[in-house]
Amino acid sequence: MKTVIAGALGECVHVAGVMGFLRLAEAAGWRTVFLGPAVSVQDLLAAARRQAAERSTEPADILIGVSYRLTPETGERLLAEFAEEADELRAAGVRFAFGGTPPVAGRARALGFFERVFDGSEPAEAVLAYLKGQPPGVLSEADFPQSTAERIAWKAPYPIVRHHFGLPTIEATREGIARIAAAQVLDLVSLGIDQDAQANFFHPERQNPRRTGAGGVPVRSAADYRALYAASRRGNFPLMRTYSGTDDFVRLAEMYVETIHIAWCAIPIFWFNRMDGRGPWDLEGSIREHQRVMAWYGARGIPVELNEPHHWGLREAPDVIFCVAAYLSAYNARAFGVRDYIAQMMFNSPPGLADQMDLAKMLACLELSAPLSLPGRGVGGEGESAGDETPFHIWRQTRTGLLSYPLDPDEARAHLAASVYVQMALRPHILHVVAHTEAHHAAEADDVIEACKLARRAVENALRGQPDMTADPAIQERKNELVREARVTLRAIRALAGPEVADPFTDPPTLARAVTVGLLDAPHLGNNPFARGRIRSAIDPRGACIAVDPATGRALTEEERIASLDIQLDP
């Protein structure tokens, strides 16, 4: 079996890089031997000789990894001594690689001894490619998994990274995608398209030239999509996805699969219609259409994300409404045949939430939805069926709040890094990076690259030994409170339906009525043709977003709030 033997040379005691290299080597199928810090030249080479003798390992199947991160001049002398002592092993076929700071790495390259020199700037994918025997600079699409689940497994324990990107012209977007892919900083380009592309792609008569490029790239043909996808076929060959649109959903889905090989679908339950002004459908009709889209993707084995809960959070709905929306999202995905469900959890929404309460809310969302992964289970194990016995996998996706960034660029960078670090307490499978420039302008290619690098550092710090923030008693207390309260609201939604309704949680009239009567509500929905907009929320002293009495400001339980709606619920 191929073996990597690695340690920090001489007086160097810094081994974090060595450990990272060995973890990647194990992922690539190597047996690893960690020699630790401050290893002498003689001890390191003796370990290689023992490996060859004791395990009858061929010299070509032994790789010695050397690290040194101290003074370049000292390192150069030590590495020269090492190269001289190790020349016999190298002549026999043993391979040697070096990792250190850029100044030391420069000296190591100049020696001409090492097969590969790493200076810390390389993405994990490049190191993996080397360990898998792929020559530098000739990576192909086959070297990078091209489905969501495979990419998640390949990248673990790191989450796969996605970022929105779309500029006002096709050419600028195409060039930007090429630069981002070449930088190898993310795993998925989430194509941001303009509003006409979302609502009127198949209806040029409804398009308004004055809106071209408003909010994203103005794709107007399948060829545009193919050109943008082609731009991503370099670097680490990132996946691609885009908005599911607000009309002609299945026609768009068919085109997305054919042109950009869409990695997953993202669609809401209650939004992207006349309720929020983003599409032509009424509330009940859009719910039916969105369910049809879930079923279409589910039947083809393509993952589905319901970008539902954060729409309530962005409109300052209480945390419990966010949690109820998260459960309904997972429930509908499973019921309509989705087997790989992506649970999106937008932090900092609304922006005033405390980190403790944000984590508690997300833990409550996951606890409510977890029973859906078990055959025949529903509302917290209360007997509701959400589908057949086919496995239902929940992938965790986190992101920073869209409205939470400060305008000052330095403060925004700090906010991005801090938010990602907190998110890592959930060990997300997917990290949706939102650029620090969001409060000022839509991210350009350089902004995306910088934001992903900032996020990657926060991820690495967390993976090196982040304290378990989820064990905080205050977080657990709030999580339990939200689970209890969410179940009250879910029972109330179920009670809206008459006896003829087989499943209230997937019944479009029942779901629509949950909004129109105010069971699901948000302060920003005032003067809305479909929603009440009468609920009032506030950030309490704990930093949680709660429902309050509009007249007195007193905190309301869900039972109290629902009773105040004066609606008829079946027992």
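**Terms and the values behind them**

Modeller: R151 has its place in helix α6, residues 148-155; helices (H or I, at least four residues) and strands (E, at least two) are DSSP runs, numbered from the N terminus. The model is a predicted one, in which local features need pLDDT of at least 70 and side-chain atom pairs count only at pLDDT 80 or more, while totals for chains, interfaces and linings use all residues. Residues are numbered from 1 along each chain as its sequence is written, and side-chain values use heavy atoms, with hydrogens and water left out.

Colleague: Why does R151 count as buried?

Modeller: Buried means under 20% relative accessible area, exposed means over 50%, and partly exposed lies in between (1.4 Å probe, protein chains only). R151 has 0% relative accessibility and therefore counts as buried.

Colleague: Which residues is R151 in contact with, leaving aside its neighbours within four places in sequence?

Modeller: Contact means heavy atoms within 4.5 Å. On that basis R151 is in contact with F144, P145, Q146, I160, L186, D187, N236, F237, P238 and L239.

Colleague: Why is A222 called partly exposed?

Modeller: The relative accessible area of A222 is 22%, so A222 is partly exposed. A222 lies in helix α9, residues 222-231, and its contacts beyond four places in sequence are F201, M255 and T259.

Colleague: What is the phi of A38, and is the residue buried or partly exposed?

Modeller: Phi of A38 is near 50°, a positive value in a residue other than glycine. Most residues other than glycine have a negative phi, and most peptide bonds are trans. A38 belongs to strand β2, residues 31-39, and its 42% relative accessibility is why A38 counts as partly exposed.

Colleague: Why does D566 count as exposed?

Modeller: D566 is at 70% relative accessibility, and so it counts as exposed. D566 is placed in the segment after α19 (558-564), and its phi, near 55°, is also positive.

Colleague: What is the omega of the cis peptide bond that joins A156 and P157?

Modeller: Omega is about 10° for that cis bond, and P157 lies in the loop between α6 and β6. The bond from S349 to P350 is likewise cis, with omega near 5°; P350 is found in the loop between β11 and α14.

Colleague: What makes a space a cavity rather than a pocket?

Modeller: On a 1 Å grid over the protein atoms alone, a cavity is a set of points where a 1.4 Å probe fits but cannot get out, whereas a pocket is an open set with protein on both sides within 12 Å along at least five of seven lines; lining residues have an atom within 4 Å of a point. Grid points are joined across faces, edges and corners, and a volume is the space filled by probe spheres set on the points.

Colleague: Which element gives the most to the lining of the largest cavity?

Modeller: That element is β11, with four residues. The lining includes Y341, A343, Q344 and M345.

Colleague: How is the lining of the largest cavity divided by class?

Modeller: Ala, Val, Leu, Ile, Met, Phe, Trp, Tyr, Cys and Pro count as nonpolar, Asp, Glu, Lys and Arg as charged, and the others, Gly among them, as polar. The lining of the largest cavity has ten nonpolar, two polar and no charged residues. For the second largest cavity, of about 30 Å³, the lining divides into four nonpolar, one polar and three charged residues.

Colleague: What is the volume of the largest pocket, and which residues lie nearest its centre?

Modeller: The largest pocket holds about 1,200 Å³ of space. Of its 48 lining residues, G17, G20, G120, E460 and R464 lie nearest the centre. Helix α1 supplies the largest share of this lining, eight residues, and the lining as a whole comprises 26 nonpolar, eleven polar and eleven charged residues.
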